[in-house]
Amino acid sequence: VRAAARHVAECGYRRPGFLSARMDPRAQRRLAAFREVAAAHDMLDEARIITTPQPSSVGMGRHLLEQLLARAPETDAVICNNDDLAVGALMEAIRRNIAVPEQLGICSYNDIEMARHMVPALSAVATPARIGRRAIAMLLAEIEAPGSVRERHIDLGYELVVRESTSSR
């Protein structure tokens, strides 16, 4: 999320928001990263952070963007905690005739296939597909030999994929 927040700042967006659901530890870390970068760029406004403990979905993304724009209509970009929320936010922006990326930049996290094929295609922090395979391998190793897995946190990296939903202003 740090990369996404830096990206929207570098594109010239000055009033970014953040949308998140479920608020598990990963979501909380992503929110903290957004706050850190937004504060460093003098763009942090708590009114533009909308979260819910409810599960993530496309419909939730629409609803959270609706809440964000009701609370902070001057928002010019939104970073979503995952692709479901970003797809929903894009759909809500289109429903409201908000031009993406001209009036509202949207950046996502994970980069599932659907996000790549939206119109406009969503910019995203892409996480490696091998995360699941690595997690399963670690789980199986732990089942076979309890206590054998020493590494609990493995950084597999990420890539910021810039697409049409964000642009330099």
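Tutor: In this predicted model, the crossing of helix 3 and helix 4 is right-handed. Two packed helices are described by the angle between their axes and the distance between the axes. Here helix 3, residues 58-71, packs against helix 4, residues 83-95, at an angle of about 55°, and the two axes are 6 Å apart.

The contact itself can be read residue by residue. Helix 3 contributes V58, M60, G61, R62, L64, L65 and E66, while helix 4 contributes D84, L85, V87, G88, A89, M91, E92, A93 and R95. By class, the residues of this contact comprise nine nonpolar, two polar and five charged.

As for aromatic pairing, a search of the whole structure finds one aromatic pair. Its members are F18 and F34, whose rings are stacked, with 5.3 Å from centre to centre and 25° between the planes. The pair links distant parts of the chain, for F18 lies in strand 1 (residues 16-20) and F34 in helix 2 (residues 25-40), 16 residues apart. F18 counts as buried because its relative accessibility is 0%. F34 has a relative accessible area of 1% and is therefore buried; the cut-off for burial is under 20%.

Note on methods
Residues are numbered from 1 along each chain as its sequence is written. This is a predicted model: local features need pLDDT of at least 70, side-chain atom pairs count only at pLDDT 80 or more; totals for chains, interfaces and linings use all residues. Side-chain values use heavy atoms; hydrogens and water are left out. Axes are lines fitted to C-alpha atoms, for helices over the stretch in contact, and angles run from 0 to 180 degrees between N-to-C directions. Helices (H or I, at least four residues) and strands (E, at least two) are DSSP runs, numbered from the N terminus. A crossing is left-handed if the near helix is turned anticlockwise from the far one by less than a right angle, and right-handed if clockwise. Contact means heavy atoms within 4.5 Å. Ala, Val, Leu, Ile, Met, Phe, Trp, Tyr, Cys and Pro count as nonpolar, Asp, Glu, Lys and Arg as charged, and the others, Gly among them, as polar. Rings of Phe, Tyr and Trp (its six-membered ring) pair if their centres lie within 6.5 Å; planes under 30 degrees apart count as stacked, over 60 as edge-to-face and the rest as tilted. Buried means under 20% relative accessible area, exposed over 50%, partly exposed in between (1.4 Å probe, protein chains only).
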